[in-house]
Amino acid sequence: MTENELIILLCGIGTFLIRWLPMRGQARVREAAAADGLAQRLLRGIGPAAIAALLAVSFWPMVAQRPDIWQGAAVLLSLGVILLLKRRFGGIAGPTLAGAAVYGLLHLCLPMAGGTL
């Protein structure tokens with residue numbers, strides 16, 4: 001095994017452990033906190049809140065640089081799709097992907113949002 005291959009292998013093992021060990025520890029914490037309903041609800045809300053904050057911060061420069069009604073509409077509609085799908089079906093990955101797809105389609109189709117209609 002060459003030195004480069006060893007480095008790649010060690011980096012892979014380190015990356016795996018960095019991701020796996022916290023999940024393993026989190027499973028134990030979840031079992032212990034299952035009796036506490038309020039703490040469990042608060043912890044479940046952290047993920048969607050973080051994604052919503054990330055989306056808001058990501059979309060803000062697009063709206064602030066060239067403020068027009070179509071750009072704002074595309075952002076608001078895509079965030080609305082995320083909210084509706086999250087409430088209807090749960091999860092976070094599917095609604096986030098759908099919201100990104102809606103934003104992309106609106107960005108292509110709306111005349112003032114950069115589209116070519």
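## Helix pair

In which hand, left-handed or right-handed, does helix 3 pass helix 4? Helix 3 passes helix 4 in a right-handed crossing, the near helix being turned clockwise from the far one by less than a right angle. Helices are DSSP runs (H or I, at least four residues), numbered from the N terminus.

The contact (heavy atoms within 4.5 Å) involves residues of helix 3 including Gln71, Val81 and Lys86, and residues of helix 4 including Pro95, Tyr103 and His107. By class, these contact residues comprise 11 nonpolar, five polar and one charged. Ala, Val, Leu, Ile, Met, Phe, Trp, Tyr, Cys and Pro count as nonpolar, Asp, Glu, Lys and Arg as charged, and the others, Gly among them, as polar.

## Largest pocket

The largest pocket has a volume of about 180 Å³. A pocket is an open set of points on a 1 Å grid where a 1.4 Å probe fits, with protein on both sides within 12 Å along at least five of seven lines; lining residues have an atom within 4 Å of a point. The volume is the space filled by probe spheres set on the points.

Of the 11 lining residues, Pro48, Ala52, Ile82, Leu83 and Ile92 are the closest to the centre. Helix 2 (37–65) and helix 3 each give two or more residues to this lining, and helix 2 gives the most, with six. The lining has 10 nonpolar, no polar and one charged residues.

## Basis of the model

This is a predicted model, in which local features need pLDDT of at least 70 and side-chain atom pairs count only at pLDDT 80 or more, while totals for chains, interfaces and linings use all residues. Residues are numbered from 1 along each chain as its sequence is written, and side-chain values use heavy atoms, leaving out hydrogens and water.
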